[in-house]
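Please read the following points with the sequence and the coordinates open beside you.

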Amino acid sequence: MTDVLLIGCGRMGGALLKGWRESGAVGRAIVVDPALPILNGAQVVASLSDVAAPLPTTILLAVKPQMLDQVMPGLAERLRDGALVISIAAGKPIAYFASRLGKPAAIIRTMPNTPAAIGRGITVCCAGPSVTAAERDVADRLMKAVGEVAWVEDEALMHAVTAVSGSGPAYVFHLIEALRDAALAAGLPPDLAAKLARATVTGAGELARQSPDAPDKLRIDVTSPGGTTAAALAVLMGEKGLTDLMTRAVAAATARSEELAKG
Ligand SMILES: NC(=O)c1ccc[n+]([C@@H]2O[C@H](COP(=O)([O-])OP(=O)(O)OC[C@H]3O[C@@H](n4cnc5c(N)ncnc54)[C@H](OP(=O)(O)O)[C@@H]3O)[C@@H](O)[C@H]2O)c1
């Protein structure tokens, strides 16, 4: 079983650690995080220099991107031959880690999303040039502990991935807000408007997840010709409707991710 050094154990690192414990995906986990003095079931230290040599060969970086410059020199110094470095830091390219480590290492860049906190995330992984099939399997197993996993071969696609699944949970939260506001405008009392919006979006999402049918089939199945749903969908699916709006939103997030990568 893989031993892991987890550097950074905030929201996302904490979700991973919880997932590893529950799934048994990891042998021993050593956690480096100055904000976390005690943690059941894992050895916790405040800094990398407090970890007894040798470091585990699998390292998962879960600090904020802006903290990486501080973390990488210590890691480069202690990194063992044959190490696998997995990063969840948004926007940090594989080349960044390769240059900071200064020695050959297998690097896998990933983009998880916040539903990982309840084991329902989706993580997209992208492997650096020297990553073996066995190392991909390790990353796959570690990230599957908090949800689904997909892989891309072309790192440039990570911008679009960030715009779709990384930022996507916020779009769904906003959909709940929009449906709530529309319910208020239709005359429903605030408590009922909020309750209906939340239950409808999460319930329909769960139905879409569990059903073998594609979303368009599910939609058509609940839309009687000339009925109420059809009247609403004529607006949502009309010119400049939801698909157009979502396409523009994802394009804006993709462009912003590309811009941030240029520095
Ligand atoms: N949250 C998301 O939606 C999401 C999605 C995809 C990817 N990510 C990526 O996940 C990473 C973590 O995000 P998060 O939301 O989990 O952030 P977070 O809650 O702030 O967690 C980061 C943790 O790292 C600790 N830390 C700071 N400096 C450290 C150091 N030198 N060594 C070890 N630990 C250190 C922080 O402690 P302090 O609080 O004391 O600074 C904190 O506990 C980021 O790189 C982010 O881009 C996040």
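1. Patch residues have over 30% relative accessible area and no salt bridge, with nonpolar side chains (Val, Leu, Ile, Met, Phe, Trp, Tyr) joined within 5 Å and like charges within 9 Å; the areas come from the Shrake-Rupley method with a 1.4 Å probe, and for residues only the protein chains shown count as cover. With 3 residues, helix 10 (residues 242-262) gives the most to this patch, while Met237 lies in the loop between helix 9 (228-236) and helix 10. Helices (H or I, at least four residues) and strands (E, at least two) are DSSP runs numbered from the N terminus.

2. The model is predicted, so local features need pLDDT of at least 70 and side-chain atom pairs count only at pLDDT 80 or more, whereas totals for chains, interfaces and linings use all residues. Residues are numbered from 1 along each chain as its sequence is written, and side-chain values use heavy atoms, with hydrogens and water left out.

3. Which residues come nearest to the ligand? Of the 23 residues around the ligand, these are Arg11, Met12, Asp33, Val63 and Ala90, a residue being counted if one of its heavy atoms lies within 4 Å. Taken alone, the ligand exposes 900 Å², of which the protein buries 76%. Helix 1 (11-23) and helix 2 (68-78) are the elements that give two or more residues to the shell around the ligand.

4. The count of salt bridges comes to 12, each being a side-chain nitrogen of Lys or Arg within 4 Å of a carboxyl oxygen of Asp or Glu. Lys18 forms one with Glu22, the closest N and O atoms being 3.6 Å apart, and both residues lie in helix 1, 4 residues apart, about one turn of the helix.

5. Two backbone details deserve a look. Ala53 and Pro54 are joined by a cis peptide bond with omega of about -10 degrees, and Pro54 is found in the loop between strand 3 (43-45) and strand 4 (58-61). Lys240, although not a glycine, has a positive phi of about 60 degrees, and its place is in the loop between helix 9 and helix 10.
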